[in-house]
Amino acid sequence: MEKKLILRGILAGAVAGLLAFVFARIFAEPQIAKAIDYESGRDAAQNALDKAAGMPVEGHEHELFSRTIQANVGIGAGMILFGMAMGALFAVAYAVCLGRTGGLRPRSLALLVAGGGFLGMYLVPFLKYPANPPAIGHEETIQQRSALYLIMVVCSVAFLAGAVYLGKRLQARFGNWNATLLAGAAFVVAIGIVMLLLPQFGHLSYNKANFGNQATETPLPLKDAKGTIVYPGFPADVLFNFRFYSVAAQLVLWTALGLIFAPLAERLLQPVRPDSTTPSKEPDPVPA
Amino acid sequence: MSSISTSRPVSTPVVLPISKSIVWLVGTALIALAVYYFVGVDQGAVSVFGNDMHVHEFVHDARHFLGFPCH
């Protein structure tokens, strides 16, 4: 049974990743292109400033893959692989939750687990460390930023699992509704404490030393020696659009994952012979 | 509460014995996490292929868009 569930999860994840890729290709790539244009323009302005000041100018980075490959093939491969990985994790979580999380139909459980995946693997970490387009993010802090992001992911997923367990424990005493609310509140408090304790990216020691007291790594306007702005800060509209589409793409991915997996699981798990005490109004399911 | 649940025999259809399926569940989860790592993290903060940047550059846009920190 678990093998069948895992296979279906990976398949559903692949389709979900493909849909998210189509979404990304249409909506995200223009924003990514604008961000890269900004970065190139800013580098050129910085080089001109350095040259005028008699400082050595950095050479252009050589590219392993062209932008065409990155924007059409690489992002597709990345999104589909991500979808398959999430589909596999989803199926594992589903198999563990099955029959242990109260009276849920197989397909309702599929949507709930997908919702949990969206929250734990993406949205809650995003609230603390939102997605950033190219041009935002200092190479020198990538290790710390990755570690902090993964801490958020691990805490979100662990606390969500803990909240489900807590809800089950409280159910006998407080009933379904109140137990769910209490477990949800416990999750919000626990993850809120972690979010308060973790630093902002802009407050990492390297950033404080080089860029002053900023909350994020979003590029500020570039100024020359006299303090005149020679190149603007990162465009706010591009940043908003990129993040908005990033959330939307994950919503597409997890919704598709849940909706594709739900009927597959229902078919797999629903007894082939309907219970004699409750005659089904629907036609008998076709044995898979 | 109980009257509702007894009238819905469709609920809790199967409970998978974790002890029997543990190998498949844990194995799948580990492989999925490895894929998650290669799409999201490898050749950025830490790298299993040394200084090579092919994986990073290839999935570059996906990495940004999926919310992972990137250079």
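Reply: A residue is called buried if 20 or more other C-beta atoms, placed from the backbone, lie within 10 Å of its own, exposed if 12 or fewer, and partly exposed in between. A:Phe244 has 14 other C-beta atoms within 10 Å, so A:Phe244 is partly exposed. This is a predicted model, in which local features need pLDDT of at least 70 and side-chain atom pairs count only at pLDDT 80 or more, while totals for chains, interfaces and linings use all residues. Residues are numbered from 1 along each chain as its sequence is written, and chains are lettered from A and ligands numbered from 1 in the order in which they are written.

Me: In which helix is A:Phe244 found?

Reply: Helices are DSSP runs (H or I, at least four residues), numbered from the N terminus. A:Phe244 belongs to helix H6 of chain A.

Me: At what angle do H2 and H6 of chain A pack?

Reply: Axes are lines fitted to C-alpha atoms over the stretch in contact, and angles run from 0 to 180 degrees between N-to-C directions. Helix H2 (residues 67-97) and helix H6 (residues 236-269) of chain A pack at about 50°, their axes 11 Å apart. H2(A) is therefore oblique to H6(A); the term covers angles that are not under 35 degrees (roughly parallel), over 145 (roughly antiparallel) or 65 to 115 (roughly perpendicular).

Me: How many residues of chain A are in contact with chain B?

Reply: Contact requires C-beta atoms, placed from the backbone, within 7 Å. Here 55 residues of chain A are in contact with 41 residues of chain B. H2(A) gives the most to that side of chain A, with 16 residues.

Methods:
Helices (H or I, at least four residues) and strands (E, at least two) are DSSP runs, numbered from the N terminus. Two residues are in contact if their C-beta atoms, placed from the backbone, lie within 7 Å.
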